[in-house]
Amino acid sequence: MPSNPFTGFGDDLMQRSCDTAGFLRRSASSWFNGRLDTGLHCARAAATGNRRESDELSQLARFWYVGLLIKARDLDAGRRVLESAEADRGGAASDRMTAVEHNVRGSLLFAMGSVDDAMAEISTGLRIAERCGDRSLRPPSYVVLALGALRRADMRACRHFVDKLSDEALLGYFGQAPGAWVAAQAVEARSGVESAASLIAGIVTNPVVLRQLLVSEPAAASWLVRACVKLGAHDLAKASAAESAALAAEQPEFSVIRGSALHAAGLLEQDAAKLHEAADIHPDRWCAASAREDLASLLTVRCSERDRTIRILESVLDTYTSVSATRDSARVVNKLREYGVRRGTTRTVECEGTVPHGLTNTEFAVAELVSQGHTNNEVGRQLFISRHTVAFHLKKVFQKMNLTSRVELAAAWKVFS
C-alpha cells in the first residue's frame, strides 16, 4: 500500500501526527486490505474528531467517510454526512476540495441509481480538478463514468473512460481493484468473456485486489462468478465465491457484503433459496434486481413456475429502468419476449437531439456500433439481439442513409460523432 493513499494531498498534510491524519491512514489501510468495518470505524473517528487541526484535512476526513458509507451502501447516512459537511463549510472551499465534493456527491448519486446526475457531478469535479492540476480524482472518476456508460449501453464512452484508466496506470494507483474490474466488464461486453480471461484471472488470484474489490463494488462477486463459469474456470469461480463468503463472515454487520456473497454462492451452486435471500436483503437496488434476474433464469432452466418467472422479470425490468440500466433492461425485455410478453424497448445508446436520417433507436444503436468496427456478432452481443436482427437493422440503416457498405457508414457516421 502507498504511504500516502490520498494522492493530491501532500505528505506534509497526511503525515501529520494529529489524530485526524492517523485515523485516516488507518482507515485507508483497513479498507485497502478488505476490512470495511475497521475502515468505517476509523473514518468516523477522523470525521468527528478535532476539526481545528486543519480545515482541509477535516473536510477530507468527512468526504472519505462518506465514500466508505457509500461502499457499505448506507446511503442515508452518507447523504446526511455530506449535507452536514456542506452546511459547516461556511466560506468558499479550495478548488481541490470542491472537486472532491463533486466526486463524492456523484458517487452517492450513482449508488442511489441516479446515473445521469451522477455522471454530471463526476464530470464537473473532473473539470475543476484539471483546472487546479490535481490528478487524484481521475482514476475513481473514470471508474464511475465507465460504469455509468456501460449501464447506459454507451459503449463508445465506456471504452473512452477505460482507456483513460489505462493511461492512469490501471494497476498502479491506490484503489486499483474497481478499475481492473470495470476494464474487464468493458472487454467482456465488447469482445466476449474469453477476451477478458487474463484480466479476470489477475483479479481473482491477487488476494489484495480481490478483497478490496469485493468490499468496494457490490456487483463484483456475482459478476466474477458468472464470468468464470462462462470461461469454464470453476476454480476461479469457487475462489471468488469463497472469498466473498469469508468477507461476509468476518463482517456480518454489512448486508451489502452478505447479499453479494449469497448472490455469488447462489449462482455457483444454482441455489434458488440463496438467490432469493440475496435479492431480499441486498441494499443496492441494481444488485437486488440482478439477483432476482438470476433467480428467474434458474427457474427458466428448471422449466418451472412460468407465471412467477414472468412476474420476477417484470419486477427486474422496472428496477433496471428506474436506475437507468438501459443495457440490462434490453436484456430483460428480450427474455420476456421469449415468454410472449412484449414490453417497450429502451434506447440502447445515448444520442443528442434528433436521431439522424429518421433512424429508430435500435437502428441508431446498430449504426453507432458498426461504425466503430464491430462485427454483427459483437453488435448483437452488446445489444442483446441476434446477428440476424443486426443484419436486418443494418440493411434499414443503409437504405435510409443511401449507403452501400460498412466503410461508407463509418465515414458518414463521423458527422454525428
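**Two antiparallel helix pairs**

Helices α16 and α17 are roughly antiparallel to each other, a class that covers angles over 145 degrees, with under 35 counted as roughly parallel, 65 to 115 as roughly perpendicular and the rest as oblique. The model is predicted, with local features requiring pLDDT of at least 70 and side-chain atom pairs pLDDT 80 or more, while totals for chains, interfaces and linings use all residues. Residues are numbered from 1 along each chain as its sequence is written, and side-chain values use heavy atoms, without hydrogens and water.

Helix α16 spans residues 272-281 and helix α17 residues 285-301; they pack at about 155°, with axes 8 Å apart. Helices are DSSP runs (H or I, at least four residues) numbered from the N terminus; axes are lines fitted to C-alpha atoms over the stretch in contact, and angles run from 0 to 180 degrees between N-to-C directions. The crossing of α16 past α17 is left-handed, meaning that the near helix is turned anticlockwise from the far one by less than a right angle. In the contact (heavy atoms within 4.5 Å), Ala272, Leu275, His276, Ala278 and Ala279 of α16 face residues of α17 including Ala288, Arg292, Asp294 and Leu298. The contact residues comprise 8 nonpolar, 1 polar and 2 charged.

The second pair joins helix α13 (residues 220-231) to helix α14 (residues 234-250), whose axes come within 7 Å and cross at roughly 165°. α13 is therefore roughly antiparallel to α14, and α13 passes α14 in a left-handed crossing. Leu224, Val225 and Cys228 are among the α13 residues in this contact, and Leu236, Ser240 and Ser244 among those of α14. Its residues divide into 8 nonpolar, 3 polar and no charged.

Definitions and conventions:
Ala, Val, Leu, Ile, Met, Phe, Trp, Tyr, Cys and Pro count as nonpolar, Asp, Glu, Lys and Arg as charged, and the others, Gly among them, as polar.
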